Structure formats: structure tokens, C-alpha cells
Amino acid sequence: MANRWLRPEVYPLFAAVGVAVGICGLQLVRNICMNPEVRVSKENRAAGVLDNFAEGEKYAEHFVRKYVRNRAPEIMPTINNFFTDPK
């Protein structure tokens, strides 16, 4: 009965679902730990609405956005150049 679910055809599905769950988990941890609008402790929640623009800017401008900002919006630039640039 256990062998029915562990066929080799199912491994890519397990990998894709595992990656998706991992990405969701990382985003959840990032929001709970780093988001300036999420307050877990009781003393932070009692502070109410804070005008912490610098902390919000630091959260919004993370390293991935800084890395991607000055790059061309291409997934595979070498293949795109091969098929579009005349030689």
C-alpha cells in the first residue's frame, strides 16, 4: 500500500510542492520578524500606530529589489540575444 504513493513519476510534484511551501514559509517568517507593521509582543502592540518611515523604507527596499533594479527584465538574456540580434 505504501509503494502506491512513492512512484518515481511523483517526485517532481513533491519537489514543486516542497519549493512552494518553502517559499511561503520564508515569506511568513520574513513578515513576522521584519515587517514594521507586525507587532508580536504586547508592549509593541500597545504603542499603536508609529510613524517609522525609515524602518518601512528599509523593509520595502530589500536586497532583491536593489539587485534587480538596474537589470534588464529578461529571464534568459543570452537566448534572447541569440534569436533577436541579427548578425
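Here is a short chat about the predicted model above.

Student: Hi! What should I know before I start?
Tutor: The model is predicted, so local features need pLDDT of at least 70 and side-chain atom pairs pLDDT 80 or more, while totals for chains, interfaces and linings use all residues. Numbering runs from 1 along each chain as its sequence is written, and side-chain values use heavy atoms, without hydrogens and water.

Student: Where is Arg30 found?
Tutor: Arg30 belongs to helix α1, residues 11-34.

Student: What about its charge partners?
Tutor: Arg30 is buried but has no salt bridge, meaning a Lys or Arg side-chain nitrogen within 4 Å of an Asp or Glu carboxyl oxygen. Glu61 is the nearest side chain of opposite charge, 9.6 Å away; Lys and Arg count as positive, Asp and Glu as negative, with His and the chain ends not counted.

Student: Then what does Arg30 touch?
Tutor: Leaving aside neighbours within four places in sequence, Arg30 is in contact with Asn35, Tyr59 and His62 (heavy atoms within 4.5 Å).

Student: New topic: is Ile75 buried or exposed?
Tutor: Ile75 counts as exposed because its relative accessibility is 79%. Ile75 lies in the loop between α4 (63-68) and α5 (77-84).

Conventions. Helices (H or I, at least four residues) and strands (E, at least two) are DSSP runs, numbered from the N terminus. Buried means under 20% relative accessible area, exposed over 50%, partly exposed in between (1.4 Å probe, protein chains only).
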